[in-house]
Amino acid sequence: MIWSLIKVLLFIAAIAGLTYGADMLLHSDEGVRISMGGWEFTLGPLQTAILLLLLVVALWGLMKLVGFIVATLRFLNGDETAISRYFDRNRERKGYQALNDGLMALAAGEGRLALMRAQRAAKFLERPELTTLLVAQAAEAAGDTKRATEAYKTLLASDSSRFVGIRGLMKQKLAEGDTDTALALAEKAFALKPKHAETQDILLKLQSEKADWKGARVTLGAKLKGGALPKNVYRRRDAVLALQEARGVMDQTATVEAREAAIEANRKSPDLIPAAVMAGRGLIDKGDKKSATRVLKKAWEMLPHPEIAAAFAEIEPDEVPQQRLKRFRALTAIHPESDETRLLLAELNITAEEFPEARRALGDLITRHPTQRALAIMAAIERGEGSDDAVVRGWLSKALTAPRGPQWCCDKCQAIHSLWQPICENCGGFDTLSWREPVEVNGPSVTGAELLPLLVSAPVVVVAAKPDVVAEPEIIDLAAVARSAN
């Protein structure tokens, strides 16, 4: 702060001195008189100013000449690089100035100007790791991908700039959609700098897209060691990768390895429903029904889910509906007030033809939270109790416009998936799918489908009495609804 104030004061003093001297010269009648060796010169104000300017130029030239003479004497004295260093200083000054101008132009978004300055800097400087990088980035900003690729390839020749060159080429391949080459470059970049966070993320994403789950787990472990990932997040994501690795092994019909990998995934993250379901089915294939029951019950404690119920039913595939209803009490007693538990009980009672019990199991669900599944179950109950076709059709038509209920939804882009996947097909997010209600906007549809229940429900007797005026809607096969409990 003080030094800045001193510089301002010196600048003001210099301006004041020059102003004072110029004023004296302009108001001097006699001008400047110079006497030397019997000669006398009298100069006017303008002539004096020109003489001072010439003296400054001469002094600058004299300093340059003295510097060149000193460099020549050093060269004659045995210093072979003295003269070259003298000229190199000028080249370096011009080169660094061009480099500075190029960086400023690149920051300002002027790609073409930055490229020109970068080429000028490369001409004067012998610092390819700096100038070549600037050329590559400026070429990218200017849209000249070919020149940028050549510059990045040049950076591969030096150990100090090899990582930057590989990273630049990797990003180019990603932009072009060449994921195979990008994956190979990401692996090389990861080998050079395994703690580089951006490289870890790109490599993990590419490995997941290529179903290289084993390699992805290694990369995820590097993120944990580098401190870029909390331990609880690491366990969850490692479980996701272990689950996908187990699926790949199962596809190769290696049942034992698949079972062990699935159990490992379930152990790492018990709340991961697909891992629990796969582990349970692996234990069922092994014949260990007791362990399968324990795994599925623990998963149901975390979150009631229809896939868990389906796997739980596979433990005893040949049991009769009454036996199944009794055995499922091990699940339904855990979260008795859960909507999923109510729906499961209703489906089991429909299969056992206990329709009043199914209605009691639903409770107020069809009014409190009417979903397509709940309304379809209610239609099955009405059919089982012998209600009129118009009543059944009324419930089914309501199901057409009702909310879908919990689905596998991406927390990042809100896309809905029919099956759980480690990567969202819409946005590419990793481990972003969760079982929840999708974001739906309620309002009148374009086709007016919300009026359908009024046309086909029980009170509208006139519609059913005149089939020649209004065609009778097709009745959906409710046996499929009843069989869904199995």
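**Pocket lining and helix packing**

Helix α21 gives the largest share of the lining of the largest pocket, four residues. The model is predicted; local features need pLDDT of at least 70, side-chain atom pairs count only at pLDDT 80 or more, and totals for chains, interfaces and linings use all residues. Residues are numbered from 1 along each chain as its sequence is written, and side-chain values use heavy atoms, with hydrogens and water left out.

The volume of the largest pocket is about 470 Å³. A pocket is an open set of points on a 1 Å grid over the protein atoms alone, where a 1.4 Å probe fits, with protein on both sides within 12 Å along at least five of seven lines; lining residues have an atom within 4 Å of a point. The volume is the space filled by probe spheres set on the points. The lining holds 26 residues, and P306, E340, R373, P406 and W435 are the closest to the pocket centre. At least two lining residues each come from α15 (306-313), α18 (339-351), α21 (372-384) and β3 (407-410). Helices (H or I, at least four residues) and strands (E, at least two) are DSSP runs, numbered from the N terminus. By class, the lining has 11 nonpolar, nine polar and six charged residues. Here Ala, Val, Leu, Ile, Met, Phe, Trp, Tyr, Cys and Pro count as nonpolar, Asp, Glu, Lys and Arg as charged, and the others, Gly among them, as polar.

Helix α21 also packs against α19 (residues 355-362), at an angle of about 155 degrees and with the axes 9 Å apart. Axes are lines fitted to C-alpha atoms, for helices over the stretch in contact, and angles run from 0 to 180 degrees between N-to-C directions. The two helices are therefore roughly antiparallel (over 145 degrees). α19 passes α21 in a left-handed crossing, in which the near helix is turned anticlockwise from the far one by less than a right angle. F355, A358, R359 and L362 of α19 meet residues of α21 that include I377, M378 and I381. Contact means heavy atoms within 4.5 Å.

Helix α9 (residues 197-209) has two partners to consider. The axes of α8 (residues 179-192) and α9 come within 9 Å and cross at roughly 140 degrees. The crossing of α8 past α9 is left-handed. Among the residues in contact are L183 and F190 of α8 and L203 and L206 of α9. Seven are nonpolar, four polar and two charged.

With α10 (residues 213-225), α9 packs at about 160 degrees, the axes 8 Å apart. That makes α9 roughly antiparallel to α10. This crossing is left-handed. In α9, Q200, D201, L203, L204, Q207 and S208 make the contact. Their partners in α10 include W213, T219 and K223. The contact comprises six nonpolar, five polar and two charged residues.

Definitions and conventions: Parallel < 35°, antiparallel > 145°, perpendicular 65-115°, else oblique.
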